[in-house]
Amino acid sequence: MTVATETRVAELVKAYAGRPSELIQALHRVQSELGHVPQEAQAVVAAVVGVPLSQVRGVVTFYHFFRTSPVGRHTLRLCLGTACHVRGAENILKAIREELGVGLGETSADGAFTVEGVRCLGACGLAPVMMVDDDVYGKLDPKRTKRILRQIREGEG
Amino acid sequence: MINLRIDDVPAQAEPGQTILDAARAAGVRIPTLCHLEALCPVGACRLCLVEIRNWNGKLVPACATPAQEGLDVVANSDRLTSLRRTILELLFAERNHICAFCVSNGHCELQDLATELGMDHVTFPYRFPALALDASHAKFGIDHNRCVLCGRCVRACAEVEGAFTWGFAGRGVHTLVEADLGDRWGRSVTCTGCGKCVQACPTGALFEKGKITAEQEKRPALLAEITERRPRA
Ligand code: SF4
Ligand code: SF4
Ligand code: FES
Ligand code: FES
């Protein structure tokens, strides 16, 4: 990380300076700007917010939301909750793997999609469900899943 | 003074003291693992579970429950022994505790508890996780295969040394004790090399370099010896 990025991170979390209880908000701020929270940024956050490095590491690794490596341009969150599991989330994951060539926790080679698993999106009535960025797609089947991903990719074009 | 009964023996405690403190003062033995004198209680291992007769037999961790007037505590019973043995079995099944090859063989609190509670076999399938040993520190090493995640090292480093080097990274069975931002211990920018974590560790997870099988003896009482000498606020 360059000095410029370090300064930028410090600037981003300035509002949380000396406020250990707002560590999570500070990390959210960094992630929403950089897309992930690299180790160097974690060190800056620790120093500015005023918590030990080990505590930042604990929080970043505890919450699935935080990422320490870069994400694709789109984040696909596939629900692996009970309802979606029962309604065949496994087949949707297979379709995703066939379409994108990657599975859970990975980013497709073209950098378009990062695939994540989540436990219940609170839309069980629509199971199986996935979210791509802020959009929810329910009542999925493998064919539709592939079509949606293709459309998003083309929409980027 | 708070008056209570532990295993039908009258016991007393000062306000702020725990059931464990009262039991120790009354000479009643309660097994513990994550608890260490001088460190904040966290109630993580549940080996010190006791039964409160006048709370409908509710189970509470003695190390983290304040002594209260009139409590009727069962500290030792067949039910408690079987519960404690199950907890131990889970700890043994979760990582690789191969005592015959451990630096702490013969000086290990986990091993001693297994002997005390008559845990002669493990009924759960062993997980045999492939975990690392980090020997990057000049004086010490950490072998995650022997770690029971009691957090005594984390608290010793934070509360007594004030370095806050150790923390828990990850969650569930994947939790590891890690230094700073997860780099190797030898690269830690906060570790002072004081060795308090090593002395606090109940197993062979943290060890001094140069010790071979069965040579590592610990001094967990060191933490209390240090804090008792400190001026009180
Ligand atoms: S040696 Fe001291 S400073 Fe270093 S991790 Fe252990 S307790 Fe903390
Ligand atoms: S390294 Fe030792 S003291 Fe630290 S959590 Fe593991 S077993 Fe406990
Ligand atoms: S289980 Fe998938 S939305 Fe609830
Ligand atoms: S010693 Fe009380 S919970 Fe571990």
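## The A–B interface

Start with charge pairing: one salt bridge turns up across the interface of chain A and chain B in this predicted model. The partners are Arg57(A) and Glu178(B), whose side chains meet at 2.6 Å, N to O. There is also polar contact across the interface of chain A and chain B, with six residue pairs found, both residues at pLDDT 80 or more.

## What chain A brings

On the side of chain A that touches chain B, helix H3 (39–49) and helix H4 (53–62) of chain A are the elements giving two or more residues. H4(A) gives the most, with seven residues. Sort that side of chain A by class and you get six nonpolar, six polar and one charged residues.

As for head count, 13 residues from chain A and 15 residues from chain B take part in the contact. Together the two chains bury about 1,100 Å², and 58% of that is on carbon and sulfur atoms. Within chain A, the residues losing the most area to chain B are Leu53(A), Ser54(A) and Arg57(A), which together make up 48% of what that side buries. Arg57(A), then, is on that list and is also the salt-bridge partner of Glu178(B).

## Around ligand 1

Over to the ligand. There are 14 residues around ligand 1, and the ones that come nearest are Cys157(B), Cys191(B), Cys194(B), Gly195(B) and Cys197(B). Two helices of chain B, H4 (152–161) and H5 (196–200), each put at least two residues into the shell around ligand 1. By class, that shell has eight nonpolar, four polar and two charged residues.

Notes:
Residues numbered from 1 in each chain as written. Chains lettered and ligands numbered in written order. Predicted model: local features only at pLDDT ≥ 70, side-chain atom pairs only at ≥ 80, totals over all residues. Heavy atoms only, no water. Near = heavy atom within 4 Å. Helix = DSSP H or I, 4+ residues; strand = E, 2+ residues; numbered from the N terminus. Nonpolar A, V, L, I, M, F, W, Y, C, P; charged D, E, K, R; others polar. Contact = heavy atoms within 4.5 Å. Buried area = accessible area lost by both parts, 1.4 Å probe. Salt bridge = Lys/Arg side-chain N within 4 Å of Asp/Glu carboxyl O. Polar contact = N/O pair within 3.5 Å; in protein donor to acceptor, adjacent residues only side chain to side chain.
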